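Please keep the sequence and the 3D structure at hand while reading.

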Amino acid sequence: MRTTTASLTGVILACLAAFTIAQEGSIVPTATTPIAYACSPDTCKPPNCMCASQSPPGGLSPKDVPQMVVITFDDSVQEGLYQTALKMLNQKNPNGCPAHGTWYVSMQYTDFSLVQQWYANGHEVADHTFSHVGSPSAQEISSCKTMLNTYGGVPKGKIQGFRAPFLNFTKDTLNNIAQQGFLYDSSSSGVTEDAYWPYTLDNGMANDCWTGICAPGQVKLPGVWEVPMYAVMDDKNIPQLMDVYLAGTPQAVTKWSTDAFEKHYNGNRQPFGIYVHPTHMISTIPGGPNHQVLQDTMLSFIKSIAQRPDVWFVTNQQLLQWMKNPVKASEFGQQPYMQCQQPVIANEICNGLDDNHNQQVDEGLVNSCNFGTSFFKTCYNCPNTAPSLDNPTPPPAATNGSAGYRYPLPDTCDSTWWDPIGNTCLCTSNDCKYIVAQSPTVNSTNSQRASATKTPVTLRSSMASSMSQNTFGLVVVTVLVACFL
């Protein structure tokens, strides 16, 4: 890409001048509609069915419930954004394992080598559509999922979550994710009266009823979970959802966020959410708040709540695993899904990890795929042309068996064990074999989920996320452009 620094600066400033502080889903609408939701716990029973409720599942007393905090990131994954996300998750859970988060990834401008690193270090990768459009089609959703697997090395059965761009979801959106085998959606807002624990859609939606989504016959998706996004109330009693740090001064935002956290922590301990577009924290918008101040505000707040007893930073997948089989906070850290272990592999194999412990990840092994107007990195094959919505995974540029060819991730091996260059799964024991049961295409009233099991065999403890040493050629301009889409 032959673009000068001066021209890059001009593009950035032009974009910033047209950009407004208001972000997707930043303020929750306050209009209300009578709720038509009805669910009986006598017939809707876990682990596959859960009624919407503000009380903890499993009959647990709130004081025995782990206070889970979910930090989520939206849009493309790029070097600067990735490093900011790691800073926000630079905490330890009570069992000594690193904090984990969820990234809802859109495809344009994403560096897939970083997607693989994010997954390999225990974080969750989820679907945010191919091109970040409102009311996404089934193809927008499926193309994103396919690329996350093909170029990001995320096993098919681990791409379980979805968030709608602009939080603009409809019954058609929910039907589409059910038909494609997703486990959950996290696009709805939870304020006060509807700050429910996650629940399944067997009996419909119970959040965002002002849209009419809760009306009888709108949604009925057995086994699909809804994970509400929990709002923070500002000093005018207006619910703020995403990028709360843009809605007031650092002091005001810290107070609102602390008050909201205390309400969860001292109440029924519903999960507390921090939902961000990390681009705001790596560059300052002219006339807007200083990006470093925004970052420092959030890091300080996260550090303050991490010091409270029984606070756990989890992915939405981990949250749902707990929902299906709730245990007391004293037992939470011992659950298999809360462990922090990684394979012990002597040499680098391009799996998103620093296998040889030289402080570099996949050095010299990552492919750079340049299409003139777009660019990304991957441990897998570069396509022979730029991916598109209609053709998200074009044929590889290298032919099978030729020098430089990378072998696709099979459904019988986790990407942390898979050597795409040597065409070998380094897990040779049934104890660590990864099996994905493919989800059939089903109708919206009888959706089946993809299931996956993964138990590591030769492992090392991971107490900190690996830091990428790769540089992404389009960092400055694409970081900003991706946020505007």
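What is the torsion about the S-S bond of Cys413 and Cys425, and is the disulfide right-handed or left-handed? The torsion is about 85 degrees, so the disulfide is right-handed.

## Basis of the values

This is a predicted model, in which local features need pLDDT of at least 70 and side-chain atom pairs count only at pLDDT 80 or more, while totals for chains, interfaces and linings use all residues. Residues are numbered from 1 along each chain as its sequence is written, and side-chain values use heavy atoms, with hydrogens and water left out.

## Disulfides

The structure holds 7 disulfides, a disulfide being a pair of cysteine sulfur atoms within 2.5 Å. One of them is the link of Cys413 and Cys425, with sulfur atoms 2.1 Å apart. This pair links distant parts of the chain, 12 residues apart: Cys413 is in the loop between β16 and β17, and Cys425 is in strand β18 (residues 424-425). Helices (H or I, at least four residues) and strands (E, at least two) are DSSP runs, numbered from the N terminus. Cys413 counts as buried because its relative accessibility is 1%, whereas Cys425, at 22%, counts as partly exposed. Buried means under 20% relative accessible area, exposed over 50%, and partly exposed in between (1.4 Å probe, protein chains only).

Another disulfide joins Cys39 to Cys51, with an S to S distance of 2.0 Å. The link of Cys39 and Cys51 is left-handed, with -70 degrees about the S-S bond. Cys39 and Cys51 are both in the loop between α1 (5-17) and β1 (67-74), 12 residues apart. Cys39 is partly exposed at 22% relative accessibility, and Cys51 is buried at 14%.

## The link beside β16

The sulfur atoms of Cys350 and Cys379 are 2.1 Å apart and form a disulfide. This link is left-handed, with -85 degrees about the S-S bond. Cys350 lies in the loop between β14 (341-343) and β15, and Cys379 in the loop between β16 and β17 (418-419), so the pair ties together parts that are 29 residues apart in sequence. Both cysteines, Cys350 and Cys379, are buried.

Strand β15 (residues 367-370) pairs with β16 in the antiparallel sense over 4 bridges; two strands pair if DSSP finds at least two bridges between them. Asn367 has Thr378 in β16 as its bridge partner. The two strands, β15 and β16, form a hairpin with 4 residues between them, and Gly372 in the turn has a positive phi of about 90 degrees.

In a regular strand the side chains alternate between the two faces of the sheet. From β16 (residues 375-378), Phe375 and Lys377 point one way and Phe376 and Thr378 the other way; all are buried.
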